[in-house]
Structure formats: structure tokens, C-alpha cells
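I opened this entry to record what I looked up, in the order in which I looked.

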Amino acid sequence: MESGMPSVRESVIAAYRSHLARRYAVSNVRRFPELSDFPSDKIDTLRNFFLDRMYPQAEDRRVLDQAFEKLGTVLRSPRKLLPLMKTAVSSIWKLGSLIPAAIKAGLATFDGYLEIRRLESIMVHHAEEKKLQPETLASEDVFAHIIAGIPQKDIDRFRRDLIRLFESLANVRLLETTVEILGNSQDVMHANAQLYDPEELAGVKIGYGLLTAGLDLFKILKPEEVKTLISGVDRIEMDWIESMRRRAADQAGTGAGRT
């Protein structure tokens, strides 16, 4: 690959982000009856959450992915987790009973984040397997064939993980507790540099940013809007996948007709 040319992975990320921005544009979201009067500012917040936090640009991905892997090791290590749990002692009356659930919810959220990104990894694998050139991936028809090639079991898993992630973020009280613990944890990690490496600290910082953005999204929603949004996201994603499958099938049919 020539110097300065995007890789297949970078081109897949760019194409996916372009589709993501379009399917969460207000005009597209409003096509769905249950979302026809959903506030446009809240749709914009949802789209920005996806683009800025869940699927950022390619140049931000490596740091982000490494940070979340490191965060997972911290949350699963009793030796490294214990000092962080003590950050809640000063406000134990408020957080005490919620601490274990908050940590468990935080770990589930970060796992969910990594899981829904699996679908993107499958797209990259398919593109590389077909030896597609990076510049061709901006083509709607080429990208449609990549999406159409994703096994249904992976689509179903993506849907489950996405809904589970949003349900976790929708528990605002628990999420507030998790955010507070992560915020306090950064101070503890700075003070115990011998126990935590810079990558683990970066993981907590980025995780804090993701959960804060999720909290900002769900705090502006009315209770009745939460369920609508979660089911609406699932509907929007499947509508897009089905439309890409139809496009790929139409192209295949057109090609067959010319032979």
C-alpha cells in the first residue's frame, strides 16, 4: 500500500461512519412511525454519541481499543480493583449499596461496547478476504455486498449486545454511581503509579468519557422516551441491514441478467 493511502480497515471505518451518520439523520429517523415526533435535538445527541464515542474516526480507534482492553483488566483484577472501590468510602452513605452493582454494570457496559464493535471487525475481515481495494469501499454497492455477507448469527448477536448496552446506559442512577467511581478512581490511580500503568489510567479516563456521554444522553430522555429510543435503535439498524441486503441482491440479479 502506498504511503499515505488509507488501509482497508480505515476505509471500512470511514464507510460505516458515513452510513451511520445518514441513518441517524433526523430525516431518516422520522421515517419510522414510533419515532416520527421524537425530538430532533435528542436524535442529534444520539447520533453524536454513536459517532464521537462508539464509532470514532479511524485515527482514534487504536488508542480507544487499547484503553478499553486495559480498563477490562483493571476491573477484573481484585488487586487493582480494591483501591478503586475505596474511593467511595468518603461517600459510602450514598454509594455503598450500589458499589458492587455499579462496578458490574460498568464492566458489562464496556464489554458491550467491545462486542457491538465486533460487527465492524467482521466487515473488515470480509473486505480483506475479498481483496477489495480501499478506494472501492466508498461505493454503496461494494459496501452493500460486505454487509450482505455477514452471517445472520452475527447480526442477531449484534442486536442483542446493542440492546443490552443501551439498557445498561438507561439505568441512570446506577450509571451516575459508576461515573462517580471512575471519576474518583483517576485520582487514586495517579497516586498509585506503581500499581497502575499509563495505559490503564488512559483506559479509565476514556471509559469515564464514554459513560459520561451515555449519561448525558439518557438524562435528557423522559421515561417514556427511553423504551422508544432503545427499540427504535434496533429498528433503525435492522432497516439499514435489510436495505443493504436488498441492494446487494439487486446488484447480483442485474449482473446475472447480463450474463
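I took axes as lines fitted to C-alpha atoms, for helices over the stretch in contact, with angles running from 0 to 180 degrees between N-to-C directions. Helices (H or I, at least four residues) and strands (E, at least two) are DSSP runs, numbered from the N terminus.

**Basis.** I am working on a predicted model, in which local features need pLDDT of at least 70, side-chain atom pairs count only at pLDDT 80 or more, and totals for chains, interfaces and linings use all residues. Residues are numbered from 1 along each chain as its sequence is written, and side-chain values use heavy atoms, with hydrogens and water left out.

**Helix α3 against α10.** I looked up helix α3 (residues 40-54) and helix α10 (residues 152-170), whose axes come within 15 Å and cross at roughly 105°. That angle makes α3 roughly perpendicular to α10. The classes I use are roughly parallel for angles under 35 degrees, roughly antiparallel over 145, roughly perpendicular from 65 to 115, and oblique for the rest. For contact I require heavy atoms within 4.5 Å. On the α3 side I list L46, F49, F50 and M54, which meet L162, L165, F166 and L169 of α10. The residues of this contact divide into 8 nonpolar, no polar and no charged. Here Ala, Val, Leu, Ile, Met, Phe, Trp, Tyr, Cys and Pro count as nonpolar, Asp, Glu, Lys and Arg as charged, and the others, Gly among them, as polar.

**Helix α1 against α3.** The axes of helix α1 (residues 8-23) and α3 come within 9 Å and cross at roughly 170°. The two helices are therefore roughly antiparallel to each other. R17, L20 and A21 in α1 meet R47, F50 and L51 in α3. I noted 4 nonpolar, no polar and 2 charged residues in this contact.

**The whole chain.** I counted 13 helices and 0 strands. Of the 259 residues, 47% are buried, where buried means under 20% relative accessible area, exposed over 50%, and partly exposed in between (1.4 Å probe, protein chains only). Among contacts between residues at least 6 apart in sequence, 81% join residues at least 24 apart.

**Confidence.** pLDDT is the predictor's confidence in each residue, from 0 to 100. Its mean over the protein is 85, and 90% of the residues reach 70 or more. Confidence is highest in helix α2 (residues 26-29), at a mean of 97, and lowest in helix α6 (residues 92-95), at 53. Where pLDDT is low, the predicted coordinates should not be read in detail.

**I150.** Which residues does I150 touch, not counting those up to four places away in sequence? I found L119, I122, M123, H126, I155 and R245. I150 lies in the loop between α9 and α10 and is buried, with a relative accessible area of 4%. Its C-alpha atom is separated by 9.6 Å from that of I241, 91 residues apart along the chain.

**D234.** D234 sits in helix α13 (residues 223-258). Is D234 buried or exposed? It is buried, at a relative accessible area of 14%. Leaving out residues up to four places away in sequence, D234 touches R159 and I163.

**K131.** K131 is in the loop between α8 (118-129) and α9 (140-148). Its phi is near 55°, a positive value in a residue other than glycine. Most residues other than glycine have a negative phi. I also recorded K131 as exposed, with a relative accessible area of 69%.
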